[in-house]
Amino acid sequence: MADRYFVETPIDGPTARLTGPEAHHLIHVMRAKPGTRAVLFDDTGAEFAASVTRVDRATVELQIEQRTEVDRELSLEIVLAVALPKGDRQRWLIEKATELGLSRIVPLKTERGVAQPVEQAVKRLRRTVIEASKQCGRNRLMQIDTPADWPDFVATTQDVPSRLVAHPNGYHAAPGPLSAASLPRPVLLAIGPEGGFTDEEIAIAVTAGWHTVDLGPRILRVETAALLLSTLVAHAHLGK
Ligand code: SAM
């Protein structure tokens, strides 16, 4: 796949301009000059063949040659609400969730959360989404919401048909909750913090109609549980 660059403003004319880290990469790493070719995407679902027309210290201008709709999204919308782990593991989770095709991440504030998410960190994670999308070919960015308190978030989910919260020994698990037939779209998944959801947090979700899901006898780290549950759900829908 050719080198891909993300353009913040939707491309609707014959030219585009790159600034910030995207321009920096093209200028200083790729040593772009007039005529250098690149592929652009702008979060509208299309990608654009383009060639560089002008380079200065911090911006690159490009001529758009062709616009092509290229859909590399999952066939179902999966939203993952997760009590994010710290540091590198947080970035790793966001990168892999982007690659897997998740639609949206909701960073959760929970009783036992170790890394209560702040808006500044969320901004950095949005950059991780762009980097992962460049690499994996997604033309739509996975959204990262502003952090939400678990009870407040649960209260907004009443109308979502499929809601699964991963909890060891998911005593409320519905029979076959991961079969495609029993999971109308969109699908909302939740993963707790390293210390787990409290009994009260689980009770709030179950009372609101969520199903708990047990992922097996081993206790998984947050990012492992998030990717396992997302993959199981995505797999149940493959080809549908
Ligand atoms: N001691 C905690 C507990 O009992 O909940 C372990 C928390 S685990 C490190 C972090 C999160 O990953 C959990 O809140 C849950 O959402 C998910 N998780 C990890 N292993 C799981 C399993 N075997 N079954 C279901 N969920 C699991």
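Q: Which residues lie nearest the centre of the largest pocket, and how many line it?

A: A pocket is an open set of points on a 1 Å grid over the protein atoms alone, where a 1.4 Å probe fits and protein lies on both sides within 12 Å along at least five of seven lines, and lining residues have an atom within 4 Å of a point. Here 20 residues line the largest pocket, with Ala166, Pro168, Ile219, Leu220 and Ala225 nearest its centre. This is a predicted model, in which local features need pLDDT of at least 70 and side-chain atom pairs count only at pLDDT 80 or more, while totals for chains, interfaces and linings use all residues. Residues are numbered from 1 along each chain as its sequence is written, and side-chain values use heavy atoms, without hydrogens and water.

Q: Which residues touch the most other members of the largest nonpolar core?

A: In soluble globular proteins, nonpolar side chains tend to be buried together. A nonpolar core joins buried Ala, Val, Leu, Ile, Met, Phe, Trp, Tyr and Cys residues through side-chain atoms within 4.5 Å, buried being under 20% relative accessible area with a 1.4 Å probe, protein chains only. The largest such core has 34 residues, of which Leu80, Ile105, Ile191 and Val233 touch the most other members. Another core, apart from it, holds 18 residues, including Tyr5 and Leu26.

Q: What share of the chain counts as buried?

A: Of its 240 residues, 47% count as buried.

Q: What does the C-alpha trace span along its principal axes?

A: The trace spans about 60 × 35 × 30 Å.

Terms used
Buried means under 20% relative accessible area, exposed over 50%, partly exposed in between (1.4 Å probe, protein chains only).
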